Amino acid sequence: MRRRYPMNGADTSQQRRGRLSYVALTLVVVVCGLIWRRPELGLPPLVAKYGGSMLWGVMVFLVVAALRPRVTLFRVAMIAAIVAATVEFSQLIEIEWLDRFRRTAIGALLLGRTFAWWDIAAYWAGIAAAFAVSTAFESKR
């Protein structure tokens, strides 16, 4: 679905509302992701891990959508998929300062610690779900 915004470089009120909506949804998804992996929920380990990874993919989609409001949702999904895979592949790179950051709580949440192909699949599933929901929502407007 192509979003229609003027190309003069200025944010329109519709564009600002869309951007704020994506930021608000991002915050909701971050909170859900933090809660999702809590042991108190009693989720099976695979559901906790990969459900959290799917939510991370949704978050990446929402961040890209907020940063690039004039880009089509399909392109947002493609950019998010590339960003998610790049972050996962970056875990194969050993750089001292980056490894130190990954050992912090925020570093582990943002960048992860160990590479896994299944994580990429989960990110992409989350991105696909976010794309589908966003497309459905945009088509109703």
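Ground rule before anything else: helices here are DSSP runs of H or I with at least four residues, strands are runs of E with at least two, and both are numbered from the N terminus. I keep in mind that this is a predicted model, where local features need pLDDT of at least 70, side-chain atom pairs count only at pLDDT 80 or more, and totals for chains, interfaces and linings use all residues. Residues are numbered from 1 along each chain as its sequence is written, and side-chain values use heavy atoms, with hydrogens and water left out.

**Entry: the whole chain**

I went through the secondary structure and got six helices and zero strands. Read from the N terminus, the order is α-α-α-α-α-α.

Next I looked up burial, where buried is under 20% relative accessible area, exposed is over 50%, and partly exposed is in between (1.4 Å probe, protein chains only). Of the 141 residues, 35% are buried. The chain exposes about 8900 Å², and carbon and sulfur atoms supply 70% of that; the areas come from the Shrake-Rupley method with a 1.4 Å probe, and for residues only the protein chains shown count as cover.

For contacts I use heavy atoms within 4.5 Å. Taking contacts between residues at least 6 apart in sequence, 64% join residues at least 24 apart.

Charges: I found 18 positive and 8 negative ones, with mean positions 13 Å apart. Lys and Arg count as positive, Asp and Glu as negative, and His and the chain ends are not counted. Each charge is placed at NZ of Lys, CZ of Arg, CG of Asp or CD of Glu.

**Entry: helix 1**

For the 24 residues of helix 1 that gives 34 Å, and the end C-alpha atoms are 34 Å apart, which agrees.

I noted Q15, G18, Y22, T26 and V29 as the buried residues of helix 1. An α-helix has 3.6 residues a turn, so residues three or four places apart point the same way. The cover over the buried residues of helix 1 includes helix 2 (45-67), helix 3 (73-90) and helix 6 (117-140).

**Entry: helix 3**

Helix 3 has 18 residues and reaches 25 Å from first C-alpha to last, close to the 26 Å expected. Its buried residues are L73, V76, A77, A80, A81, A84, A85, V87, E88 and S90. What do they pack against? I listed helix 1, helix 2, helix 4 (96-102), helix 5 (105-111) and helix 6.

I then checked a few residues of helix 3 one at a time.

- S90 sits in helix 3 and counts as buried because its relative accessibility is 16%. Its side chain reaches the backbone oxygen of V87 at 2.6 Å.
- F74, also in helix 3, is partly exposed at 49% relative accessible area. Its C-alpha is 9.6 Å from that of A128, 54 residues away along the chain.
- I82 lies in helix 3 and is exposed, with a relative accessible area of 57%. I82 and V28 are 54 residues apart in sequence, with 23 Å between their C-alpha atoms.

P69 is in the loop between helix 2 and helix 3. Buried or exposed? P69 is buried, at 5% relative accessibility. I also took the C-alpha separation of P69 and F101, which are 32 residues apart along the chain, and got 30 Å.

Q91 belongs to the loop between helix 3 and helix 4. Q91 is buried, with 9% relative accessible area. Leaving aside neighbours within four places in sequence, Q91 is in contact with R102, L111, G112, R113, T114 and F115. The Q91 side chain reaches the backbone nitrogen of T114 at 3.4 Å.

Last one: D99, in helix 4. Not counting residues up to four places away in sequence, D99 touches I93 and E94. D99 and R113 are 14 residues apart in sequence and 8.2 Å apart from C-alpha to C-alpha.

How values were computed: Expected span 1.5 Å × (residues − 1). Polar contact = N/O pair within 3.5 Å; in protein donor to acceptor, adjacent residues only side chain to side chain.
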